[in-house]
Amino acid sequence: MSPQATLLSLGVLLLLAAGVTFLAVTWDSLAVSVQASIIATLAAISLTASVPAARHKLAGTAEALAILGSGLLTVDLYGARALGLIGPDTMDGLTYFGLAAAVVAVTNLLMSRIAPSAITYGVAAVIIGQLPLPFLLADRVALAPFLLGLLIQVAITLYWTSKGTKIVRVTGAICSAVVFWGLMITGSVRILISLVAHHSLQSHPDLNDFVDGSATALSPVLATTAVICLSALVGIVLLSKVPLPRALPPALGESACTAAAAFALATCLPQLPTTGRWLDTALAAALALAALLMPTRTGVRVTMLWAAAAVVAAVNFFVCAALDDLVQLGLISTTVAALTLVATWRNRLQPAPAAITASFATQLAIVLTTYDGLFTLWTGAILLAVTGAISIATACLVPHQSSQLERSLLWPATCAVAIAEFIALIDTSPTITGIVLTIAAAPLVAYGTRPARRQALLIAGALLTFANTAFILGSGATTLEWFTVPPAAVFLAIGIYAYRTQPSWIYLGPGLLLGLVPSALVANSNNDYLRTTLVVAAAVTIILIGTRYSLQAPFIIGATVLLKIALWQFLQVAPLIPRWITLATAGLILLTVGATYERRLQNAKQAARWLSALR
């Protein structure tokens with residue numbers, strides 16, 4: 001600061017201090033009207049003297065006199081009120097301060113026209129000009145008209161200052177921004193207070209006193225929301241005419257205006273009866289969908305849409321979470337899943353994260369709605385199993401090279417089936433367990449058709465085995481073959497399809513053992529003749545098949561089953577045979593073996609070699 005500026009500043013401060021001291025000292029010795037006249041005269045002299053100083057390019061002197069004149073005028077108006085010249089009975093405080101600010105602002109505006117080179121007058125007119133309207137409207141109109149008046153004031157300020165000097169334009173932009181965001185924040189807070197009052201019985205009375213009326217009245221909320229949305233639109237239009245500095249991120253102002261309007265709408269819609277939160281969810285989905293369908297990924301419009309969608313979605317989520325609206329939260333999760341698929345289609349999201357997000361969002365939606373009671377346990381478990389099955393079926397279409405996408409589909413599918421099975425166990429009905437496992441196994445069969453994915457067939461076979469057991473337990477059946485024959489058929493089909501190039505013990509052994517051995521072990525009495533007959537027929541059949549196709553497992557398993565049946569039948573009739581016949585038969589066997597020992601030994605070696613040669 002130069003010496004001249006320092007001296008001028010100190011001089012102005014001292015003169016202003018002298019004016020305040022004059023009022024304080026002479027208030028009881030001079031009439032108030034006389035004091036006001038003296039200060040007004042000094043203010044007029046200062047303002048008038050600044051004009052020739054400005055014209056003679058005495059900038060420092062002109063600015064000092066302008067500040068002194070404006071300051072003395074302000075002190076004069078304040079003193080007239082404080083000393084009782086215009087008392088509270090004559091005019092209320094807000095009205096007086098509004099009119100006083102208007103007098104100072106108009107005076108500075110007129111002086112800026114007379115002495116345009118004096119910067120103080122233009123800046124003071126802009127700054128002080130923001131005060132009269134709020135003071136005059138504060139206790140006369142409702143909040144919505146009050147905010148609308150402030151919006152009009154913002155537009156007028158920007159229009160008037162755009163024709164002034166650079167410092168006036170900057171001051172006007174700053175003041176307009178402050179007033180604009182003041183009205184936006186005030187309106188948004190009013191709508192939020194109403195939302196809290198709607199759903200909080202404890203804070204309802206206090207909020208009623210705070211807003212000087214009914215905090216839950218819908219019409220003021222709708223009017224305030226409309227003003228906020230209109231203000232945001234006006235702000236966007238004004239930003240297109242008066243852009244922000246380049247140092248700020250692009251589309252910052254537009255996005256902020258859009259976010260403010262979105263917040264107002266998001267807090268207003270839940271207050272509508274019946275459909276409020278549903279409309280909130282629909283609005284967030286529509287905004288996100290519009291952003292995804294835009295032809296470009298960047299730009300002012302896309303940024304505005306995403307900002308609005310994010311704000312509405314966040315407010316909607318917090319409202320639904322605070323109110324424990326699980327159905328609405330489930331709808332939000334479903335919407336997220338659907339939008340994820342659209343984002344993938346529009347190449348805005350990679351397939352792998354999209355698959356994980358869509359699957360888990362769908363699962364969350366089903367779990368929430370099931371917990372809320374909208375879905376029964378059966379319905380929830382089946383829907384989760386279907387979700388997992390769809391993920392597995394989609395993995396069938398993925399090329400083997402895309403291992404990341406394949407894993408992104410299979411792990412959520414595993415989680416979905418596990419949750420579905422957990423819900424099925426809660427229901428305690430074995431039938432729903434069988435249904436869940438069958439739904440999960442079906443796409444695994446298709447998934448395992450590729451050579452590199454054969455292990456999936458074994459998992460599918462295990463799931464079908466457990467599912468078959470659950471179905472049998474649920475039906476109350478006790479026949480052993482219901483538990484063994486269907487799984488045996490499944491494993492035989494899997495083995496023949498996927499592992500027929502392996503030894504027969506690998507692709508036929510498990511199925512034949514599971515299908516024949518349990519039935520052969522329980523076929524113990526003459527009363528069980530049907531089971532015994534069928535087991536013998538099956539054993540003979542697989543022996544013939546093993547002999548025909550040189551398969552070791554069918555031959556040995558069938559022969560073992562027949563040997564067990566024959567021995568058991570012999571043991572059942574042995575006590576009925578006379579003892580001499582038993583002794584005679586044993587002697588004949590020993591004589592025959594001894595007489596034909598060498599030939600029998602050679603035949604046994606040939607049989608062993610033949611059996612070993614089987615596959």
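I take a disulfide to be a pair of cysteine sulfur atoms within 2.5 Å. By that cut-off, I found 0 disulfides in the structure.

A note to myself on the ground rules: this is a predicted model, so I read local features only at pLDDT of at least 70 and side-chain atom pairs only at pLDDT 80 or more, while totals for chains, interfaces and linings use all residues. Residues are numbered from 1 along each chain as its sequence is written, and side-chain values use heavy atoms, with hydrogens and water left out.

**Cysteines.** I looked up burial next (buried is under 20% relative accessible area, exposed over 50%, partly exposed in between, with a 1.4 Å probe and protein chains only). Cys175 comes out buried at 13%. Cys257 is buried too, at 3% relative accessibility.

**Thr161.** I found Thr161 in helix 7, which covers residues 143-161 (a helix is a DSSP run of H or I, at least four residues, numbered from the N terminus). Thr161 counts as buried because its relative accessible area is 1%. Its side chain reaches the backbone oxygen of Leu158 at 3.3 Å. Leaving aside residues up to four places away in sequence, I see Thr161 touching Val126, Val168, Arg169 and Gly172 (contact means heavy atoms within 4.5 Å).

**Val237.** I placed Val237 in helix 10, residues 218-241.

Notes. Helix = DSSP H or I, 4+ residues; strand = E, 2+ residues; numbered from the N terminus. Polar contact = N/O pair within 3.5 Å; in protein donor to acceptor, adjacent residues only side chain to side chain.
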